[in-house]
Amino acid sequence: MQQRIVVLAGGIGGARFLRGLKSAVPDADITVIGNTGDDIHLFGLKVCPDLDTVMYTLGGGIHEEQGWGRAGESFAVKEELAAYGVGPEWFGLGDRDFATHIVRTQMLGAGYPLSAVTEALCRRWQPGVRLLPMSDDRVETHVLIDDPDGEGRKAVHFQEYWVRLHAATPAHAIVPVGAEEAKPAPGVLEAIAAADVILFPPSNPVVSVGTILAVPGVREAVASAAAPVVGLSPIVGNAPVRGMADKVLEAVGVESTAAAVARHYGSGLIDGWLVDTVDADAVAEVESAGIRCRSVPLMMTDVEATARMAAQALALAEEVRA
Ligand code: GDP
Ligand code: CA
């Protein structure tokens with residue numbers, strides 16, 4: 001029977017991993033539960049960066065080197081908006097990408113839930129997976145920082161913290177605003193319950209996977225699922241491979257090490273954990289926390305290397321099951 005795999009994914013790390021997973025197990029039935037905590041309203045449009053990164057990457061439309069946005073992009077709309085003095089100028093939306101957000105916003109305005117809109121967008125992109133937003137309800141990750149204009153602290157949208165401020169100022173807290181009232185999107189809990197394997201790709205543990213787990217019912221569903229749950233570390237050699245995950249880990253009191261991230265998820269949630277070969281020393285520590293652990297190469301340098309990572313994760317899941 002077709003293997004049913006559920007993956008909780010953020011943007012670039014999740015999308016690149018999924019491409020390797022599809023190559024490793026082309027016949028598998030893959031459901032992706034995508035993070036929507038990074039979503040932002042810009043110029044009256046609803047932008048879903050992580051869903052789009054997965055959709056474009058698996059659908060062949062991604063800007064490869066950048067890892068997000070469309071290939072062959074132009075920026076006429078952005079330039080025209082800037083000429084009107086309309087920002088923000090720090091968020092790079094290209095013309096092709098704008099079309100996606102226009103279609104999405106139009107459909108949402110007509111009353112379709114985000115899950116139905118995502119399905120419609122995927123009809124064009126044919127990502128080869130079922131892509132579900134974690135929730136149809138609005139959840140927006142905010143970051144609490146020192147107020148640059150005053151004594152106190154202020155909350156800024158995650159994109160402002162990440163893209164405009166480059167996470168250069170300390171984060172005191174990460175708040176998924178709206179998560180408590182959000183419901184999992186249709187199919188999310190059902191997919192988790194029916195899965196043969198659940199994978200956490202090397203996505204950001206706090207603002208990608210952590211946000212998905214913050215939707216009431218999702219963490220519980222993963223923890224109580226019959227399927228083995230295996231994660232791959234986004235932290236290699238005590239630093240994120242890409243981006244500033246160390247900054248948001250610090251905000252939740254977690255060290256930037258492969259072992260600390262495994263303990264942060266905990267044995268109540270994950271059964272297996274892969275660390276990179278440079279972190280082989282972490283294996284004993286992770287196993288002493290009750291999580292089966294292996295060290296294997298975890299750099300997604302190309303699809304073949306990523307497919308090997310995915311195969312190792314599935315092998316570890318089989319080991320846990322046995
Ligand atoms: P985002 O939403 O675009 O930030 O993407 P994700 O949350 O899905 O993934 C971000 C994480 O991917 C970062 O913390 C990186 O450390 C991790 N990452 C990126 N490339 C690699 C890689 O080649 N190997 C591993 N192990 N992690 C990676
Ligand atoms: Ca993201």
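In the classification used here, Ala, Val, Leu, Ile, Met, Phe, Trp, Tyr, Cys and Pro count as nonpolar, Asp, Glu, Lys and Arg as charged, and the others, Gly among them, as polar. By this scheme, the lining of the largest pocket comprises 22 nonpolar, 15 polar and six charged residues. The structure described is a predicted model.

The volume of the largest pocket is about 1100 Å³. Its lining consists of 43 residues, of which Gly11, Ile12, Trp68, Trp162 and Arg242 are the closest to the centre of the pocket. Two or more lining residues are given by each of H1, helix H2 (49-59), helix H4 (95-109) and helix H6 (158-164). The greatest contribution to the lining of the largest pocket is that of H2, with five residues.

The largest pocket is also the space taken by ligand 1. Around ligand 1 there are 20 residues, and those that come nearest are Ser203, Ser208, Pro234, Leu298 and Met300. Divided by class, the shell around ligand 1 holds 10 nonpolar, eight polar and two charged residues. Whereas H2 gives the most to the lining of the pocket, helix H1 (residues 12-24) gives the most to the shell around the ligand, with three residues.

Rolling a probe the size of a water molecule over the atoms shows where empty space is left. One cavity of 30 Å³ or more is found in a search of the whole structure, and about 30 Å³ of space lies in the largest cavity. The residues lining the largest cavity are Phe43, Lys78, Leu81, Ala82, Val86, Gly87, Pro88 and Glu89. By class, five of the lining residues of this cavity are nonpolar, one is polar and two are charged.

Two features of the backbone were also noted. Most residues other than glycine have a negative phi, and most peptide bonds are trans. The peptide bond from glycine 87 to proline 88, however, is cis, with omega near 10 degrees. Proline 88 is located in the loop between helix H3 (76-83) and H4, and both glycine 87 and proline 88 belong to the lining of the largest cavity. Glutamine 126, although not a glycine, has a positive phi of about 45 degrees. The loop between helix H5 (114-125) and strand S5 (130-133) contains glutamine 126.

Conventions
Residues are numbered from 1 along each chain as its sequence is written. Chains are lettered from A and ligands numbered from 1 in the order in which they are written. This is a predicted model: local features need pLDDT of at least 70, side-chain atom pairs count only at pLDDT 80 or more; totals for chains, interfaces and linings use all residues. Side-chain values use heavy atoms; hydrogens and water are left out. A residue is near a molecule or strand if one of its heavy atoms lies within 4 Å of it. On a 1 Å grid over the protein atoms alone, a cavity is a set of points where a 1.4 Å probe fits but cannot get out, and a pocket is an open set with protein on both sides within 12 Å along at least five of seven lines; lining residues have an atom within 4 Å of a point. A molecule sits in a cavity or pocket if more than half of its atoms lie within 2 Å of its grid points. Helices (H or I, at least four residues) and strands (E, at least two) are DSSP runs, numbered from the N terminus. Grid points are joined across faces, edges and corners, and a volume is the space filled by probe spheres set on the points.
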